[in-house]
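Here is a friendly walk through one structure, feature by feature. Have a look at the model first.

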Amino acid sequence: IENQPGKLIAEAIAFRLKEILVEDRLAKSPRELMLRSLWALAYTLGLVAFLFGIVRLFRRLRRKIQSWQGTVVRSIKIKNFELIPAEQIGRSLIGLLGVLRFVCLLAVLYFFVPLVLSLFPWTENLSPVLLGYITNPLRQMGRGLIAFIPNLFFIALNVAATNFALRFIRLFFSEIEKGNLQFSGFYREWAHPTYQLVRVIVIAFAVVIVFPYIPGSSSPAFQGV
């Protein structure tokens with residue numbers, strides 16, 4: 001009677017071991033391996049079709065961007081001075097599109113390999129390890145982004161308030177420059193350079209306020225920059 005619980009546990013362990021051996025034998029049977037090989041082939045054909053579709057999609061987007069030059073994609077100008085030509089903007093967009101295509105192809109391949117490895121008994125243990133290399137950093141980034149949302153609202157409000165203050169200051173000094181506002185001892189010619197100085201001070205003050213709320217601001221490298 002005293003050994004009854006231990007006997008039951010031993011029987012349960014033995015029964016579970018038998019189940020594992022049966023499952024392993026079935027997973028390595030020729031019929032099951034053939035079925036899993038067919039699934040792997042189907043996944044591979046689907047991957048090839050998907051990659052072909054991605055390549056065609058990005059080719060169309062590339063041609064679309066090239067056709068936009070001069071119409072949708074225009075040069076950035078300040079009055080008559082061409083700051084950034086439309087051709088340079090188009091090349092930058094095409095380069096960004098190439099990077100995005102590379103990232104998409106790499107992500108598809110990265111998820112495809114663990115999927116195929118999970119089909120076979122000898123490699124199924126590698127599947128969660130490979131997936132963990134990308135899912136764990138993404139999970140940490142997601143948590144950091146959620147934790148950053150309150151700070152993001154504060155930064156957005158600070159930027160909006162700074163922008164409003166700069167517009168008001170610009171209007172104020174613009175009226176002085178036009179002669180609509182006059183102060184004894186302050187000449188109209190001083191309005192523009194004084195506005196530039198005040199503008200730098202306001203922006204610097206805003207950066208000092210926002211700085212502690214920026215991710216990574218506590219790191220020595222960030223503070224050094």
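Q: How should I read the numbers here?
A: This is a predicted model, where local features need pLDDT of at least 70, side-chain atom pairs count only at pLDDT 80 or more, and totals for chains, interfaces and linings use all residues. Residues are numbered from 1 along each chain as its sequence is written, and side-chain values use heavy atoms, with hydrogens and water left out.

Q: How many helices and strands are in the protein chain?
A: Helices (H or I, at least four residues) and strands (E, at least two) are DSSP runs, numbered from the N terminus. Here the protein chain has six helices and two strands, arranged along the sequence as α-α-β-β-α-α-α-α.

Q: What share of the residues of the protein chain counts as buried?
A: Buried means under 20% relative accessible area, exposed over 50%, and partly exposed in between (1.4 Å probe, protein chains only). Of the 225 residues in this chain, 17% are buried.

Q: Which residues gather in the patch of positive charge on the surface?
A: Lys and Arg count as positive, and the place of the charge of Arg is taken as CZ. In this model the positive patch gathers Arg-56, Arg-59, Arg-60, Arg-62, Arg-63 and Arg-101. Helix 2 (residues 30–68) gives the largest share, five residues. Arg-56 sits in helix 2 and is partly exposed, with a relative accessible area of 42%.

Q: Which residues form the nonpolar patch on the surface?
A: Accessible areas come from the Shrake-Rupley method with a 1.4 Å probe; for residues, only the protein chains shown count as cover. Met-34, Leu-35, Leu-38, Trp-39, Leu-41 and Leu-45 form the nonpolar patch, with about 630 Å² of accessible area together. Leu-45 is in helix 2 and counts as exposed because its relative accessibility is 55%.

Q: Why does Asn-158 count as buried?
A: Asn-158 counts as buried because its relative accessibility is 13%. Asn-158 lies in helix 4. Contact means heavy atoms within 4.5 Å. Leaving aside neighbours within four places in sequence, Asn-158 is in contact with Ala-206, Ile-209 and Val-210.

Q: Which residues does Thr-162 touch?
A: Not counting residues up to four places away in sequence, Thr-162 touches Val-202 and Ala-206. Thr-162 lies in helix 4 (residues 126–178) and is buried, with a relative accessible area of 14%.

Definitions and conventions:
Patches are made of residues with over 30% relative accessible area and no salt bridge: like charges are joined within 9 Å, nonpolar side chains (Val, Leu, Ile, Met, Phe, Trp, Tyr) within 5 Å. A salt bridge is a side-chain nitrogen of Lys or Arg within 4 Å of a carboxyl oxygen of Asp or Glu.
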